[in-house]
Amino acid sequence: MMMNMNLTDNDFWEKFGNLRQEDLFFKVHPELIDIVSEVEIKKTECPSCKKDERVSWVWAFDETEYEEPVRDLCRDCELEALSLETGYTLNEKRRAVIDKEWYFINENEASGFKNFEVHDEKSEFAKKTTTEYIKRLLAGEQLNLMMLGKTGTGKSHLSKAIAKTAKHKGKKVAYITAMHLFNKIKGTFNNIHERNRFNEQFKAFDLIVIDDVGMETKKVAEVSWSTSEWTELLNLREGKSNIWTSNFDEQSLSKVIGDRTLSRMYENTIFIENFTGEDFRRRKRINVV
Ligand SMILES: [Zn+2]
């Protein structure tokens, strides 16, 4: 005779939420209208907090007493569950908004570690090094990676593979070209509020991949502005991990972003520049493994 019904169904509660609990009973159990004369509301044990705070119906029929919970949990526990759920949704939404502004990798793009083609020693070294990098990053280490080399050598492929893996593992990741990044900064000119928002976001990422460093400055007149921006950007990233890729070699890069920026990028950084075929051990820096 007991009828089971999904009482947490939202539509249901929207429709009948205003009724008295007793009246609600007959909406749920229309078959009992002529049979049960009295329904009482009783507080029973909430399965979550174990307090006697869950609302239940109690009624008698055929000299037997029946009891049925109106809700799954007590009011406090339901509200708590609801706020957790809302918080989760909000976080998800915020994450989606930030991704839209900062994460420029097409999910369908086939740029993973698995499909990176190893065809010589250099590409093998690059793959081994980036695989090592992502392992250390996921283990919680703060570590930078710089990849220098000509276009079409796989820098973007590998940096995307790292970004995707880190994101998949729950890290907050940005993937943006240097040009796009600097255009974003230009967009905040004369708007301190926007710039603060930019800074807050920029600081918060566990990992930022900046692709094509050196391409952000097209005019010589902008170089001094962009080098001072780089200083600011690196300050904001203090203690966080970064990946920089560039088609420029070290010398040309230092002209565009400045010596100071470049040497700061060398701190706590792994290098891959075998893409160019140059001897990467030649330079003074903290090196790989
Ligand atoms: Zn409870």
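Phe-202, Ile-210, Trp-230, Leu-233, Leu-234, Arg-237, Asn-242 and Trp-244 line the second largest cavity. Here a cavity is a set of points on a 1 Å grid over the protein atoms alone where a 1.4 Å probe fits but cannot get out, and lining residues have an atom within 4 Å of a point. The volume of this second largest cavity is about 30 Å³, and a search of the whole structure finds two cavities of 30 Å³ or more. A volume is the space filled by probe spheres set on the points, which are joined across faces, edges and corners.

Helix H8 (223-236) and strand E7 (241-246) each supply at least two residues of this lining, and H8 gives the most, with three. Helices (H or I, at least four residues) and strands (E, at least two) are DSSP runs, numbered from the N terminus.

## About the model

This is a predicted model, in which local features need pLDDT of at least 70 and side-chain atom pairs count only at pLDDT 80 or more, while totals for chains, interfaces and linings use all residues. Residues are numbered from 1 along each chain as its sequence is written, and side-chain values use heavy atoms, with hydrogens and water left out.

## The zinc site

Let's turn to the metal. Cys-46, Cys-49, Cys-74 and Cys-77 coordinate the zinc ion through their SG atoms at 2.3 Å; donors are N, O and S atoms within 2.8 Å of the metal (3.2 Å for Na, K and Ca). The angles among the four donor atoms are 104 to 115°, and the site is tetrahedral, a label for four donors with all angles between 85 and 135 degrees.

Along the chain, the donors follow the spacing C-x2-C-x24-C-x2-C. Cys-49 is partly exposed at 27% relative accessibility, whereas Cys-74 is buried at 4%. Buried means under 20% relative accessible area, exposed over 50%, and partly exposed in between (1.4 Å probe, protein chains only).

## Aromatic pairs

The whole structure holds 12 aromatic pairs. Rings of Phe, Tyr and Trp (its six-membered ring) pair if their centres lie within 6.5 Å; planes under 30 degrees apart are stacked, over 60 edge-to-face, and the rest tilted. Trp-102 and Phe-198 form a tilted pair, with centres 5.4 Å apart and planes at 45°. This pair links helix H3 to helix H7 (residues 192-204), 96 residues apart.

Trp-102 is buried at 0%. Phe-182 and Trp-230 are also tilted, at 5.3 Å centre to centre and 50° between the planes.

Note on methods:
1 Å grid on protein atoms, 1.4 Å probe; cavity = no way out; pocket = protein on both sides within 12 Å on 5 of 7 lines; lining within 4 Å. Tetrahedral: all angles 85-135°; square planar, octahedral: opposite > 155°, others 65-115°.
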